[in-house]
Amino acid sequence: MAKTVEKLLKKENLDKLITSVKADGGRWIAPVTDARQVVFKAVTKHEDMASDYILARNSYKEVLFPQTEVIAEYSVSREGSEMHGVELTPAETVVFGARPCEAASLKSLRSVFTWDFIDEFYTKREEKLIIITVACTKADEACFCTTVNISPESTEGSDIYLKETVSGDYLAHGATEKGKAFMAKHGNTFENAPKDAQTKKLVMPEEINGIDLDKISERLKKTGHYEDHVWAELTRKCIGCGACTYVCPTCHCFDITDEGTAIEGERRKNWDSCQFDAFTLHASGHNPRDTQFKRWRNRFMCKMHIYPEKFNSTGCVGCGRCVRVCPVRLDITEVMEALSK
Amino acid sequence: MNNIYLPQLVTIEDIYDEAPDVKSYRLVFKDKAVREAFDFKAGQFGLYSAFGLGESTFCIASSPTRKGYIQCTFRRTGRVTGGLDELSIGGTMGFRGPYGNWFPLDEWKGKNIVFIAGGIGLPPVRSVIWNCLDRREDFGNITIVYGAKTVADLVYKNELEHWGGRPDVKLIQTVDPGGETPEWKGKTGFVPTVLEEAAPKAENSIAVTCGPPIMIKFVLATLKKLGWNDEQVYTTLENKMKCGVGKCGRCNVGDVYICKEGPVYTAAGVKKMYNDF
């Protein structure tokens, strides 16, 4: 096997790199401490970036699939109504400091937005996206990537995969053609790596023993599990706030709504959540998922059955965001464990 | 940029009052090229926009054999249908589609077709009825069993009269007990009961049913009793949809995306699904 060529990205060169990306009209998105929380935001200099973090609280999916966006504009007049689509010309966007778990979620989002009908609001942004992942040297009790067959060593979804060196710089590995081209273009900041570069030890979250993905998969394939009491029993405490779906890097549900006056306005694509009761409510009043456990069951099915079976992708990447943000401590790994029995 | 969410503009060419709060619109694409190229199959659906209010999903209620226009039938229920309801002839709406699969009419050649519909479940079936009637020589006996809560709630009254007068169609109309008027000449009773009395033969036949979930449940049971198997019975599943193209995450029944893999299924197909109805 050919040895992959690694380059050295010195911390002191980060500003040069950010400036260079911005000079080309691009954006640099990185974890930033904002109101005491680490979140992905646009930055202009490296000292604004958070360094001591496990994972940004939000996922970088909003760079590809914004919380709200205009997809068309309408006008209504006596002479006739019109609707025009908006043209999207995204700038190059570098996401720096993503973690390997969330990088692995990209394939899932892409599969939903590109099967058969191509959502160009997604694809045009993805074409311009460079994901620079920094492998984890810290983890917390919510991290469970290794339980879902991902680890800090996974490079799937990363364009450039970085490992921190003991001296605080980064060893860079071009993981995709796009990543390699980016490194070549910014060759003055990616130097030849010294042979003896020492990297920091990666932290592997401990695998959760009681979880058996094969068993979960077999159980979910049989339609009869919809009648299992386990769903209502384990998920009764869910209050349906939808927070898990907003921080999840693979949640893709959205609504299409018109906002404006009777004369003019916009049609928007907005994040929605399968955890809300009105989400599936029919005009007749009938609701197929009329109780919270059915909605929770749907989300679990989406992650652990629909994504893997329909799209051959990982629905849950084990980032643990849903676990951290849940106001009632409903932990997806507890349900995974129960379904492994 | 190809914007899959951008509707085509359609003009309301005609409006028909069908029942209390139920109207049909005859729609024509404003763009001549779109109008000429537009094609669909019976069973497909679309998303209809009232600008400023949003989009709603309905089937295309006209037959693909009738070119140059589409028809939709809807009940005024919420925000979008309320907005659509207030438009008048000459008004503009948006239309996206056609989406989804269709009834496999070509596989039904030479067979008897039984249509069983309840209330506002007739519009999707109407597309198939007219499609079959416009290719009448391709099919055997055609029977239509249609019921609604009251006489007033029956939709397509003029067409019911036409179908009832045709020698090549057997039409059985019914209203729920209590829904009849002194002039009512049809049957009184629930659709499954009337279906059982009519006892259509299963041999070399296809059934197409649409209506309230409770009606469909008992229609399936009745057909089973009459010796029909689940492969002969077709229905169309309506679920709430926003995108219509397999992305917004609403219409799935378990792992089946109704908008992409449906909405048309055999009863056998429906029984294989997760209980997510």
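Mentor: Two residues are in contact if their C-beta atoms, placed from the backbone, lie within 7 Å. This is a predicted model: local features need pLDDT of at least 70, side-chain atom pairs count only at pLDDT 80 or more, and totals for chains, interfaces and linings use all residues. Residues are numbered from 1 along each chain as its sequence is written, while chains are lettered from A and ligands numbered from 1 in the order in which they are written.

Trainee: Among contacts in chain A between residues at least 6 apart in sequence, what percentage join residues at least 24 apart?

Mentor: Start from the pairs in chain A that are at least 6 apart in sequence. Those joining residues at least 24 apart make up 71%.

Trainee: Which element of chain A gives the most to the side that touches chain B?

Mentor: On that side, 47 residues of chain A are in contact with 37 residues of chain B. Elements giving two or more residues include strand 4 (68-75), helix 4 (106-114) and helix 10 (292-311) of chain A. The top contributor, with six residues, is strand 11 of chain A.

Trainee: Is helix 10 of chain A largely enclosed or largely open?

Mentor: Count a residue as buried if 20 or more other C-beta atoms lie within 10 Å of its own, the C-beta atoms being placed from the backbone. By that test 14 of the 20 residues of helix 10 of chain A are buried, so the helix is largely enclosed.

Trainee: Where does helix 10 of chain A bend?

Mentor: Take the angle between axes fitted to the seven residues ending at a residue and the seven starting there. Helix 10 of chain A bends by about 45 degrees, at Cys302(A).

Trainee: Which residue stands opposite Val22(B)?

Mentor: Strands pair if DSSP finds at least two bridges between them. Strand 2 (residues 22-29) of chain B has six bridges to strand 5 of chain B, running antiparallel. Strand 5 (70-75) is one of the edge strands, pairing on one side only. In strand 5, the residue opposite Val22(B) is Arg75(B).

How values were computed: Helix = DSSP H or I, 4+ residues; strand = E, 2+ residues; numbered from the N terminus. Buried ≥ 20, exposed ≤ 12 C-beta atoms within 10 Å, placed from the backbone.
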